[in-house]
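Here are my notes on the structure you sent, as numbered points. Please read them with the structure open.

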Amino acid sequence: MSDQRNRIGEVRIQAPARLHAGFVDLNGGLGRRFGSLGIAIDRPAIVLRVRPAARLAVTGPSADRVRRSVERLSREAGLSDAVAVMVEEAIPAHVGLGSGTQTDLAVATALVCLEGRRTAARDLARVLERGARSGIGLAAFEQGGVLLDGGRGGLDAAPPVIARAEFPEDWRILLLLHRGGHGLHGVPEVEAFRRLPPFPPAAAAHLCRLMLMVALPALAERDVERFGQAIGELQRTVGDHFAPAQGGRFTSPMVAEVLGWLEAQGIPGVGQSSWGPTCFAIVGESERAERLAARMRERWAGTPLEVLVCCGRNVGASIENIAAESGHAPAVRRAVGG
């Protein structure tokens, strides 16, 4: 065990959930397939406290998931599993918020930090086989913000980020959770992609143009209406393509009903994150978002709907040395991607 690890008594790491707003090129005719638009959000998050210990111990929500991640990293990357992990907060699994990627990367980053290393998140993602289709989860972990990746090409690496923008601090995101619901994952997800029909090249070309010439400029000009319209069109196109695999444009009929209500209130930027059932709505002002959230909680009281008002997160994961063995060293907080 290195002196650096002895000196770092405990680390606390926080990594954001992400929204996957849709694929921009499911056709792949130009040599790159998928390409994704995503947004890092401030809640929910994965928050871990990790310290050296005599043997592996994990407590808190999603403890089994975190334990599997530690054990895999010990096997495949040679990292020590002699740690105690306290999970302060977890991202719900298999609901479209990127919990698997964020959890794996948070665990890996904490372990290498305890051992005194500075290993890039992209190198950790390669070991963990993250970023197979989308680079949004990895990019959200590294830098946050609104992210557009360039899809999978010929390299055995996560898709590159080709554009990044700040999510306006005064905009809000309504997060619509279907408690107890789950989206496709694992083998059923792989089978769903295999069985879907070919995606029309003209539709892929339109979506790429829509992101480049409408969504990103609207974001730069802080035009929530135009940005929302572009997101809504992306969602309708991609959602209808995936409908045979998920039972409709959106996975949860209840959440689909809520989205229809939001559109009737004049919110065009609605959609589903990944395979859902979590959905979202882009709202311009915090006061309007809070009013809409209150009305939805009242209207759908007694149902599995949970409504959160979120902000975008324009930084990636952060890690903090919260306890030094000597008791004298100050806590040091830094961005993982910094």
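1. In which strand is F34 found? This is a predicted model, and in it F34 is found in strand β2. Its phi is positive, about 85 degrees, although F34 is not a glycine. The side chain is not out in solvent: F34 has 8% relative accessibility and therefore counts as buried, the cut-off being under 20%.

2. A second residue deserves a look for its backbone. S62 also has a positive phi, near 60 degrees, and is a residue other than glycine. S62 sits in the loop between β3 and α2. Because its relative accessibility is 34%, S62 counts as partly exposed.

3. Please check two cis peptide bonds. One runs from R43 to P44, with omega near -5 degrees, and P44 has its place in strand β2. Another runs from G276 to P277, with omega near 5 degrees; P277 belongs to the loop between β8 and β9.

4. On strand pairing: β2 (residues 34–52) runs antiparallel to β4 (residues 83–89), with six bridges between them. In this pairing V47 has E89 of β4 as its bridge partner. Strand β3 (residues 57–59) is also paired with β4, but in the parallel sense and over three bridges. There, A57 has A84 of β4 as its bridge partner.

5. What is the handedness of the β-α-β unit made by β3, helix α2 and β4? The unit is left-handed, with α2 spanning residues 63–77. The aromatic residues come next. The whole structure contains 10 aromatic pairs. One of them is F193 with W275, an edge-to-face pair with 5.7 Å from centre to centre and 80 degrees between the planes. F193 lies in helix α6 (residues 187–195) and W275 in the loop between β8 (270–272) and β9 (279–283), so this pair ties together parts that are 82 residues apart in sequence. Both F193 and W275 are buried.

6. W275 has a further aromatic partner in F242: this pair is edge-to-face, at 5.0 Å centre to centre and 75 degrees between the planes. It links distant parts of the chain, with F242 in helix α8 (residues 224–246) and W275 in the loop between β8 and β9, 33 residues apart. F242 counts as buried because its relative accessibility is 6%. W275 counts as buried because its relative accessibility is 6%.

7. Which residues form one aromatic cluster? They are F23, F34, F193, F242 and W275.

8. Of the 22 residues that line it, V24, D25, L30, G150 and C208 are the closest to its centre. At least two lining residues each come from β1 (8–25), β2, β5 (146–149), β6 (161–165) and α7 (201–220). The largest share, seven residues, is supplied by α7. By type, the lining divides into 13 nonpolar, five polar and four charged residues.

Methods:
Residues are numbered from 1 along each chain as its sequence is written. This is a predicted model: local features need pLDDT of at least 70, side-chain atom pairs count only at pLDDT 80 or more; totals for chains, interfaces and linings use all residues. Side-chain values use heavy atoms; hydrogens and water are left out. Two strands pair if DSSP finds at least two bridges between them. Helices (H or I, at least four residues) and strands (E, at least two) are DSSP runs, numbered from the N terminus. A crossover is right-handed if, with the strands pointing away from the viewer, the path from the first strand over the helix to the second runs clockwise. On a 1 Å grid over the protein atoms alone, a cavity is a set of points where a 1.4 Å probe fits but cannot get out, and a pocket is an open set with protein on both sides within 12 Å along at least five of seven lines; lining residues have an atom within 4 Å of a point. Ala, Val, Leu, Ile, Met, Phe, Trp, Tyr, Cys and Pro count as nonpolar, Asp, Glu, Lys and Arg as charged, and the others, Gly among them, as polar. Rings of Phe, Tyr and Trp (its six-membered ring) pair if their centres lie within 6.5 Å; planes under 30 degrees apart count as stacked, over 60 as edge-to-face and the rest as tilted. Buried means under 20% relative accessible area, exposed over 50%, partly exposed in between (1.4 Å probe, protein chains only).
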